[in-house]
Amino acid sequence: MTSIEAQVLQPYKYGFVTDIESELAPAGVNEDIIRLISEKKQEPEWMLEGRLKAYRQWLKMTEPTWANVTYPPIDYQAIHYYSAPKQQPTVGGLDEVDPKLLETFEKLGIPISEQKRLAGVAVDAVFDSVSVATTFKENLAEVGVIFLPISEAIREHPDLVRRWLGSVVPHNDNFFAALNSAVFTDGSFAYIPKGVRCPLELSTYFRINAQATGQFERTLIVAEEGSHVSYLEGCSAPMRDENQLHAAVVELVAMDNATIKYSTIQNWYPGDEQGRGGIYNFVTKRGKCAGRNSKISWTQVETGSAITWKYPGCILQGDDSVGEFYSVAVTSRHQQADTGTKMIHIGKNTKSTIVSKGISAAQGQNTYRGLVKIMKGADGARNYSQCDSMLIGDQCGAHTFPYIDVRNSSAIMEHEASTSKIGEDQIFYLRQRGIKAEDAVSMIVAGFCKEVFRELPMEFAVEAQNLLSISLEGSVG
Amino acid sequence: MLEIANLHATVDAREILKGVDLIVQAGETHAIMGPNGSGKSTLAQVLAGHPAYVVTEGTIQYEGRDLLDMEPEERAQAGVFLAFQYPVAVRGITNAYFLRAAVNAVRKSKGLPELDPLDFIDVLQEKLKTIEWDDTFLNRPVNDGFSGGEKKRNEILQMAVLEPKLAVLDETDSGLDIDALKTVAEAVNKLRAPDRATVVVTHYQRLLNYIVPDHVHVLVDGRIARSGGKELALELESRGYDWIRPEANAA
């Protein structure tokens, strides 16, 4: 191991376990478990039917194998699909929430208690299968913004949820999305009414705690005509020796002139130095620019998970709509990531921008996979793609699979790619100026990721940069 | 200030330096000359502590400290500066940011408070004035997309800002046209002071017309084969290096 790699292996900071009594459904998935979840969530009949339909579809599907990742077969019957802290939080307020849960989120730096709330950010905190607390609900309601745990939204705003749920990622979209549609337990729902600029950043923090439990969350954000919303997502999990499955679905809908900015900092437990444990992050995220001149922007900083399989995309249906994807994916230790985006141009003069930064260190394997598709009617469509890879050490790998499918000759496509290596020489140059090796790595990586970091909201940009220094600390020396 | 004794160093298990002795006093400027592959750049890298160069024998004392026992950043913090022959680019990080990080790292090591961006800009402007350069480099990413000459100038800019006690210039003249060479030399000369020393590594005598050395050393096959005053450089210019070789071999 060179001194460069010696630094990557920094302990995972969020690996603690909350000792809390949980109500755990028996392991395995079947129609009874799905009925149980639906019942626990007091769902209407149509929701249960939707779940069962998805489940029956899932049974007919096979797990995708095309991704550039390897892992032993997952036993879907060994996973618990529902886990909730016994003392159920109620709508009554935070004083009724188990202090251990509040403590957990405080420890993670997620301010949900009244006195520590972060000005300007409304948080929905999800612990295993349930939402623990949602802050600023009332303040948001004043301007007509609905921000609720999705389980609550299904009960309180059934028409809205029913109209949009599955409209972007249908239940039969792919294996993991079908499973999620059948067993999802919680997540967030945000609805921004016509003409409203959401006054707060909306944020959901996902925490997996229970052992052998999967987290299947569902997020749905609808931005009506002329509205604007910025949404942040964060996550972490305890260190455990076995792998845990996280299969989420996120759907975004933007109507005429609406903008949705969706930022993720993914910090699931990546597994240990030998590659034991860690989260399998198999996620389907898609936004539909349904309206004219609408815009959906994905920004992701992916540092965690043993395996990442995720392609946040945009369907650019409305004329003049804009899709963006800014990504930093870090793979260290034995992490594997196959991530990228899909931009489907349907409307006229639609534009998409893809900026992907992959960083591989130690034995990490990083794959960018992107599809840009220009449909026949998409006159004047434009895409700009930039894929940069950075390698730290000589045992890691970077791979790029850009797919381009153009069916309209007026399209303008640009693609740039680069691969660079942080070597001893680069680190030495900075050290020769008095900068410590760790700081030198952070600085080089931060510079490499600059185009993505500047897309993040303020609070997140700082966090992302710190997280990156931690993930890579020890990687160079 | 600097005392090198019987220095042997290898790179990739090949011995490049085979017993270098050199003493540099404060206030002096030394030139190290020699043919390709004689070990000039290796000596510069060893002084700065590049991990790829392994010292197998000998000692280096710097201001009474064992230089070989210090990490590269510790050497830098103690005032050792290397102007690189091939400066490295750092994408996305501006020169101004990089320089502030470097200055603050040095200040921190001395227990001094770090400079905030506003304070630093003042310091920077002051330094630029000293060497009579403008601020065009400051907002460009470090060496990214720089021409060969710009990179070399940027090294000197960093040197001016960091105010090293011992500056080692590794072939700073290569890739510079005559005007740039003069500009760089002037900046280096402005930084000469009784408490500082400069070691200039170069192939050609040309640079030494502008940075006039007190001592000239000729490195041949990993050893200093001959030392003299500035006139030695002129002699090398007219006679080449071959006439020195037999002596080195005999030694």
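Visitor: Why does Val196(A) count as buried?

Guide: First, this is a predicted model, where local features need pLDDT of at least 70, side-chain atom pairs count only at pLDDT 80 or more, and totals for chains, interfaces and linings use all residues. Residues are numbered from 1 along each chain as its sequence is written, while chains are lettered from A and ligands numbered from 1 in the order in which they are written. Now the rule: buried takes 20 or more other C-beta atoms, placed from the backbone, within 10 Å of the residue's own; 12 or fewer is exposed, and in between is partly exposed. Val196(A) has 20 C-beta neighbours inside 10 Å, so Val196(A) counts as buried.

Visitor: Where does Val196(A) lie, and what does Val196(A) touch?

Guide: Val196(A) sits in the loop between strand 6 (188–192) and strand 7 (201–207) of chain A. Helices (H or I, at least four residues) and strands (E, at least two) are DSSP runs, numbered from the N terminus. Leaving out residues up to four places away in sequence, Val196(A) touches Val143(A), Gly144(A), Val145(A) and Ser227(A). Contact here asks for C-beta atoms, placed from the backbone, within 7 Å.

Visitor: What makes Ile244(B) buried?

Guide: Ile244(B) has 22 C-beta neighbours inside 10 Å, so the residue counts as buried. Ile244(B) is in the loop between helix 7 (230–239) and helix 8 (245–250) of chain B. Beyond its neighbours within four places in sequence, Ile244(B) contacts Val218(B), Val220(B), Ala225(B) and Arg226(B).

Visitor: Why are helix 3 of chain B and helix 4 of chain B called roughly perpendicular?

Guide: Look at the angle. Helix 3 (residues 95–109) and helix 4 (residues 117–131) of chain B pack at about 95 degrees, with axes 11 Å apart. Axes are lines fitted to C-alpha atoms, for helices over the stretch in contact, and angles run from 0 to 180 degrees between N-to-C directions. Under 35 degrees is roughly parallel, over 145 roughly antiparallel, 65 to 115 roughly perpendicular, and the rest oblique. Helix 3 and helix 4 of chain B are therefore roughly perpendicular.

Visitor: Which residues meet there, and of what class are they?

Guide: Ala96(B), Leu99(B), Arg100(B) and Val103(B) in helix 3 of chain B meet Pro117(B), Phe120(B) and Leu124(B) in helix 4 of chain B. Six are nonpolar, none polar and one charged. Nonpolar means Ala, Val, Leu, Ile, Met, Phe, Trp, Tyr, Cys and Pro; charged means Asp, Glu, Lys and Arg; the others, Gly among them, are polar.

Visitor: How many residues does each chain give to the contact?

Guide: Chain A gives 17 residues and chain B gives 23 residues. Helix 9 of chain A supplies the largest share of the chain A side, seven residues.

Note on methods: Contact = placed C-beta atoms within 7 Å.
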